[in-house]
Amino acid sequence: MEIKEIKYDKINIEGLPLQIIKRDILQRQEIVLAWQGIECVENKIIDFLNHFDIPLFRCENTIQFLFPITALKILAAKSKILWPDDEKLALSIDAIIKSHCIIWKAGRFTFDITDKPLVYGILNVTPDSFYDGGQYYAPEDMKKHIANMVDSGADIIEVGGQTTKPGGYVEVKPEDEIMRTIPAIKFIHDKYPNIAIAIDTYKLPVMQAAIEAGVDIINDVRAFDSYQKRALMAKSNVGLVTMHSSREHEYDNLSDEMIKFFKDNLKTLIDAGIDLNRIILDQGIGYAKVADGYQDYTMMRNLDQLNKFNRPIMVAISRKGFGKKLFNLNKEDRLPVTLIAESAMFLRGGRVIRAHDIAETYQLVNMLDIINQSYWFR
């Protein structure tokens, strides 16, 4: 027996009132599979697949079924128990799993995003960031907060030395931003070698200094918009967070324009010699022309449009202004609404959650992953 993925867009099913199923699999995080060679064990296979609560269709000498990508490893493990000697079946499932793995290479680390979501912690060593500006500016406060982030479950800690908050900000000189951020990067690198380190910056000199200090990831809100930045990235092995921003644009169709932006941006980065597996995407919520407007909510809803790029997608909405706009919440009171919105985006494919509140975000991603991968087998 073996399982194959069906790549076409329409499935004809004989004998049913609904003759055609239209599929948008990449957006829904499901794929269509066909289990072939079922003659002697059809009922056993159907009984097995019914544990996954999925629609099944008998088609000639196959069983076709919609299957969630997040459950492929469970399918592999359970099928090996039931058919331990069927090497062809095991190899076919393993090949499908491999074809849908989303890998992020980031400096010293290689993350399998399909296997494990990431908690991407925010550490602002600034006096004026919108939420926690000034709280971790002093070295001892910074070090205590880093320890708490690690203990709470952060996979990545991002150091920020300048705010880019809506409504305007004061640009910091590169040398001042370096002075703020590099001590934190070096401290994390030396004290917590199992934690990936990111920096949030759009300035070339700061990027250069951070790479020399051992940073693993660079997050650029300007999407690596210069030849010099791209050349620097090509010579390094750091991961890249490339962000879509529409502060300067009016869109007729937001989804189409966002897709076009990332298509062009990824091509530019790849043409510069940067491995696609090093890049993840950020929609840029909070960077719309109208801050905290309905464009941001549309991006929360249409995040799954980006799954077609087969890259990790960042959810970066922690305590942002939509909580104030919709519910008149002060920044200190926006954690519940943040977690709700993050959950909706996580379920659409956003598996890198950039957050201020590490313990709560760790619980969110792991609870949702447990639910998504829980199937009852006796």
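Which residues does M233 touch, not counting residues up to four places away in sequence? The views below begin with this residue. The structure is a predicted model, in which local features need pLDDT of at least 70, side-chain atom pairs count only at pLDDT 80 or more, and totals for chains, interfaces and linings use all residues. Residues are numbered from 1 along each chain as its sequence is written, and side-chain values use heavy atoms, with hydrogens and water left out.

**View 1. Surroundings of M233 in the largest nonpolar core.** M233 touches M207, I211, I218, F224, V238, L240, I274 and R278, where contact means heavy atoms within 4.5 Å. The core has 62 residues, and L123, I185 and M233 touch the most other members. A nonpolar core is a set of buried (under 20% relative accessible area, 1.4 Å probe, protein chains only) Ala, Val, Leu, Ile, Met, Phe, Trp, Tyr and Cys residues joined through side-chain atoms within 4.5 Å. Another core, of 27 residues, lies apart from it and includes I38, F48, I63 and Y375.

**View 2. Pairing of strands β12 and β13.** Strands are DSSP runs (E, at least two residues), numbered from the N terminus; two of them pair if DSSP finds at least two bridges between them. β12 (residues 217–220) and β13 (residues 239–243) are joined in the parallel sense over 4 bridges. N219 has V241 in β13 as its bridge partner.

**View 3. The exposed residue I340.** Helix α12 (residues 335–346) contains I340; helices are DSSP runs of H or I, at least four residues. I340 has a relative accessible area of 61% and is therefore exposed (over 50%). Its C-alpha atom is separated by 9.4 Å from that of L364, 24 residues apart along the chain.
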